[in-house]
Amino acid sequence: PAMNRQQLFHAIRAACVIAAVDRVIVVGSQSILGSFDTDQLPPITHLSAEVDLMPDVEDFDLMVELSDLIEGVGGELSPFEELHGFALDGVDLTTSVLPLGWRERLVAISNEFTKDPVTGKQYAGLCLDPADLCVAKLCAGREKDRAFVAALFQAHLVDRAVVWERLQNMPPEHAEVAAAVLAELTGHTR
């Protein structure tokens, strides 16, 4: 079953409550729902029933600890997944290969659906910019990731040139992966 925006909002709220943080960063496929609604997207782009969520905290060890907590409560095969039809996948900064400046381009989601209905506390999800998501997907290099990016390019939802530019502007630790991706793209693009 494809995921929708309401489920994304719910995932953001649930992860914030579980981790006791105000904001989580959404990486992975479902972050595309921060920028587009399901009816604008090719079906292949929102098939995953898992949301990759990273607690937005400075301290890396705390981030890992809170990610484990999110996964423990809402992860695969949890009562949460059974009840809601999707799982919360706790991740950290080592999960995705992201281009320089990705934090400044995050798409903020904060609305009535990310508010705690009991306490009224407002939570926020920060979703990857679609082009940054494509960079991360291309660097992950799995077949399903390439198909995801290709579908967004074909639907004209993400500018190929922007993705290309960001791949050439990667942090040093990811430069090698990005160079390999660029070489592959050069071989496969017309």
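View 1. Phi of Leu 77 is near 65 degrees, a positive value in a residue other than glycine. Most residues other than glycine have a negative phi. This is a predicted model, where local features need pLDDT of at least 70 and side-chain atom pairs count only at pLDDT 80 or more, while totals for chains, interfaces and linings use all residues. Residues are numbered from 1 along each chain as its sequence is written, and side-chain values use heavy atoms, with hydrogens and water left out.

**View 2. His 156 also has a positive phi.** Here the angle is about 60 degrees, and His 156 is not a glycine. You'll find His 156 in the loop between α5 (143-154) and α6 (160-167). With 71% relative accessibility, His 156 counts as exposed.

**View 3. Strand β2 has β1 on one pairing and β3 on another.** Two strands pair if DSSP finds at least two bridges between them. β1 (residues 23-27) and β2 run antiparallel and are joined by four bridges; Val 26 has Leu 53 in β2 as its bridge partner. β2 and β3 (residues 87-90) run parallel, again with four bridges, and Glu 50 is partnered with Ala 87 in β3. Five of the six residues of β2 are buried, so β2 is largely enclosed by the rest of the structure.

**View 4. Asp 56 and Arg 103 form a salt bridge.** A salt bridge is a side-chain nitrogen of Lys or Arg within 4 Å of a carboxyl oxygen of Asp or Glu. In this one, the closest N and O atoms are 3.3 Å apart. Asp 56 is in the loop between β2 and α2 and Arg 103 in the loop between β3 and β4 (107-109), so the pair ties together parts that are 47 residues apart in sequence. Asp 56 counts as buried at 16% relative accessibility, while Arg 103, at 36%, is partly exposed.

**View 5. Arg 166 and Asp 132 meet in a salt bridge.** The N to O distance is 2.9 Å. Arg 166 lies in helix α6 and Asp 132 in helix α4 (residues 130-140), so this pair links parts 34 residues apart in sequence. Both Arg 166 and Asp 132 are buried.

Notes
Buried < 20%, exposed > 50% of the residue type's maximum accessible area, 1.4 Å probe, protein only. Helix = DSSP H or I, 4+ residues; strand = E, 2+ residues; numbered from the N terminus.
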